Amino acid sequence: MATKEQVEERRRRRKRLMLYEKEKGGVGSTGTMATFAHPLMHRGIPIIFIEASLSQRDIEHAYGGRHRVEPIDLGDESDQEKLITIIDDAPEGAYILVNVPGGRFEDLDRVHEFLRFAIEDEEDPLDIDVDIVWTMGLDQASRATLDAMLAGDPPGRVLLNLPAWHGPPQKFVLVDAELLAAVEKTGGDVFCCPALPEHIYDMFRTGNIGLDQIDAGLSRGTRARFRMWQREVEEALGELF
């Protein structure tokens with residue numbers, strides 16, 4: 001029987017694919033992905049970014065010089081195959097973070113179906129954990145697409161993000177007990193992604209400065225605000241990794 005230390009070591013060495021999904025652009029999934037990446041980088045965990053939202057290049061511009069960033073069109077079958085190759089080639093313990101464009105459930109489900117097959121393939125199964133990080137909007141379309149995704153056998157646990165930049169959790173009136181039960185059924189959880197202070201977010205988004213380098217150019221007061229945000233991130237996300 002494996003010891004607790006052996007189980008933890010296997011978990012640490014296992015690769016993880018995180019799909020950052022939403023119903024439409026503008027809800028903050030890119031900011032959520034950058035927020036998740038930040039504590040992983042601080043822990044020295046290998047990160048590979050997949051930019052599948054091809055109309056934007058925020059991640060590539062901010063991190064491309066220091067981290068691997070791969071543009072992929074998930075609607076293209078050959079690019080879906082490329083994603084599997086990237087996962088195979090990733091080092092042990094790597095996190096592969098995929099910025100998925102908003103769209104219809106049918107588009108998301110085709111990607112999920114391919115991943116499910118790769119993971120469950122009896123002859124050559126893909127050995128990886130999968131998380132779907134769903135950034136919730138405030139409108140009915142976000143809830144309807146999420147309901148369809150949850151009913152369509154997602155290929156991993158669903159982490160439901162109620163981002164702080166949209167307001168407190170009670171503002172998400174479409175998140176009810178039925179939805180929470182469906183998320184829990186996947187092995188997932190609910191969290192509230194902390195909002196990066198607006199003036200620091202502008203440095204990331206318009207100044208193309210990665211969050212792993214941003215504190216070098218901050219004043220002492222702003223650096224303290226940034227580190228306060230870092231602590232909030234660890235408290236909000238620490239148990240999800």
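Seven strands form an open sheet in the order S3-S2-S4-S1-S5-S6-S7, with parallel pairing. Strands (E, at least two residues) and helices (H or I, at least four) are DSSP runs numbered from the N terminus, and two strands pair if DSSP finds at least two bridges between them. The model is predicted: local features need pLDDT of at least 70 and side-chain atom pairs pLDDT 80 or more, while totals for chains, interfaces and linings use all residues. Residues are numbered from 1 along each chain as its sequence is written, and side-chain values use heavy atoms, with hydrogens and water left out.

Strand S3 (68–71) and strand S7 (189–191) are at the edges, each with a single partner strand, so one side of each has no neighbour in the sheet. On average, neighbouring strands of this sheet are turned by 20° against each other, direction ignored. Strand S2 (residues 47–51) pairs with strand S4 (residues 95–99) in the parallel sense over five bridges; Ile50 stands opposite Val98 in S4.

Angles run from 0 to 180 degrees between N-to-C directions, and axes are lines fitted to C-alpha atoms, for helices over the stretch in contact.

| Helix | Partner | Angle |
|---|---|---|
| H7 | S6 | about 140° |
| H6 (residues 140–151) | H7 (residues 177–185) | about 35° |

The axes of H6 and H7 are 10 Å apart. Their contact (heavy atoms within 4.5 Å) is made by Arg143, Leu146, Asp147 and Leu150 of H6 and Glu178, Leu179, Ala182 and Val183 of H7. These residues divide into five nonpolar, no polar and three charged. H7 also packs on the sheet, touching S6 and S7.

Leu150, in helix H6, is buried (under 20% relative accessible area), with a value of 13%. Leaving aside neighbours within four places in sequence, Leu150 is in contact with Val158, Leu179, Ala182, Val183 and Thr186.

A nonpolar core is a set of buried Ala, Val, Leu, Ile, Met, Phe, Trp, Tyr and Cys residues joined through side-chain atoms within 4.5 Å. The largest has 37 residues, and Leu17, Leu83, Ile96, Val98, Met136 and Leu160 have the most contacts inside it. Helix H5 (residues 105–120) gives the most to this core, with five residues. Apart from it lies another core of 32 residues, among them Met33, Ala37, Phe204 and Leu237.

How values were computed:
Nonpolar A, V, L, I, M, F, W, Y, C, P; charged D, E, K, R; others polar. Buried < 20%, exposed > 50% of the residue type's maximum accessible area, 1.4 Å probe, protein only.
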